[in-house]
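Subject: Structure handover, salt bridges

Hello,

The structure you asked about is below. My notes on its charged side chains follow.

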Amino acid sequence: DLHSFPTRRSSDLNLSGCSSSLVAVHEACEKLMISEIDYALVGGIHIMNDIDEKSPDTYDVMGLGANDFRSHSFGENSSGVGLGEGGCCILLKRLVDAERDGDPVYGVIKSGCVNGDGGRCSSVTIPSTEGQREVIEKAWKDTDPRTLTEIEAHGIGTQIGDSVEVESLLECMRHFGIESNNIYLSSVKSSIGHIVEASGVAGIAKVKRLRSEERRVGKECRS
C-alpha cells in the first residue's frame with residue numbers, strides 16, 4: 001500500500017529551528033552506524049497559511065524579512081530572508097547495504113557534526129564565528145578537505161548572517177590549507193526561498209541531483 005507506512009517503524013520529531021532536518025540526518029547516520037536501524041526516511045516540510053507579502057507582520061516575527069520578499073544568499077543586494085514553501089525527504093542506508101540491495105546511490109555522507117552556539121552568539125538570529133568554525137572543522141576532520149569542490153551553505157540572506165558564515169568557512173579553509181582552492185559556494189534558498197525546517201535536507205537533495213546530472217552547484221545559484 002503506497003498510502004501507508006509499515007507498522008514496524010519508529011518516528012522522531014526534531015525541533016531545532018532551521019537546522020532541524022540536518023540534525024535529523026546526523027542523528028539518523030549515528031543510528032545507522034551502530035546498527036540501531038537499517039534505514040531512515042529523513043525530511044522536513046514547511047507550509048504557510050498565507051503569503052508573507054500579504055501578512056508580513058505575521059511571518060516576520062524576528063525582523064529578518066527581505067525588503068523584496070526574496071532570498072539573495074551572499075548577494076550584494078541581500079536584505080533578509082525570503083520565505084518559501086516546500087518539503088523534501090531522503091532515504092539513508094548504510095553504503096554496504098545499499099550496494100547489496102542494488103539501490104541507486106546518489107551520495108555518501110562521510111562525516112558530520114552538530115553543536116550549539118550557546119552564550120557565544122549575540123542573539124538567536126546571529127550565530128558566532130567561533131561556533132560555526134568549530135562545527136565545520138569537526139565535520140571536515142575525518143575527510144580530505146583538499147578534495148572539496150562545492151559548499152552548499154545556509155545562506156540565510158542577511159548581511160550579518162552571511163558574513164559570519166563566509167568568515168567561518170574562510171577560517172576553516174585556512175586551517176586546512178585550502179584557502180587558494182577553487183570552491184563553489186551556493187545556497188538553495190536563492191532558488192526556492194527559506195523553507196525553514198526543510199531547508200537543510202533540501203540543500204542535500206539539490207547538491208546530489210545536480211551532481212548526478214554532472215552540473216556544478218555554483219552555476220545553479222541565483223543571488
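In these notes a residue is called buried at under 20% relative accessible area, exposed at over 50%, and partly exposed in between, with a 1.4 Å probe and protein chains only. This is a predicted model, in which local features need pLDDT of at least 70 and side-chain atom pairs count only at pLDDT 80 or more, while totals for chains, interfaces and linings use all residues. Residues are numbered from 1 along each chain as its sequence is written, and side-chain values use heavy atoms, with hydrogens and water left out.

A salt bridge here is a side-chain nitrogen of Lys or Arg within 4 Å of a carboxyl oxygen of Asp or Glu. The model has 13 salt bridges by that rule.

Seven residues form a linked network of salt bridges: Asp38, Lys93, Arg94, Asp97, Arg100, Asp101 and Asp103. Within it, Lys93 pairs with Asp101, and their closest N and O atoms are 2.6 Å apart. Asp101 is partly exposed because its relative accessibility is 37%. Lys93 is also partly exposed, at 27%.

Two other pairs:

- Arg174 and Glu167 form a salt bridge at 3.2 Å, N to O. Arg174 has 45% relative accessibility, so it counts as partly exposed; Glu167, at 32%, is partly exposed as well.
- Lys141 and Asp142 form a salt bridge, with 3.3 Å between the closest N and O atoms. Lys141 is exposed, with a relative accessible area of 53%, and Asp142 is exposed at 54%.

Regards
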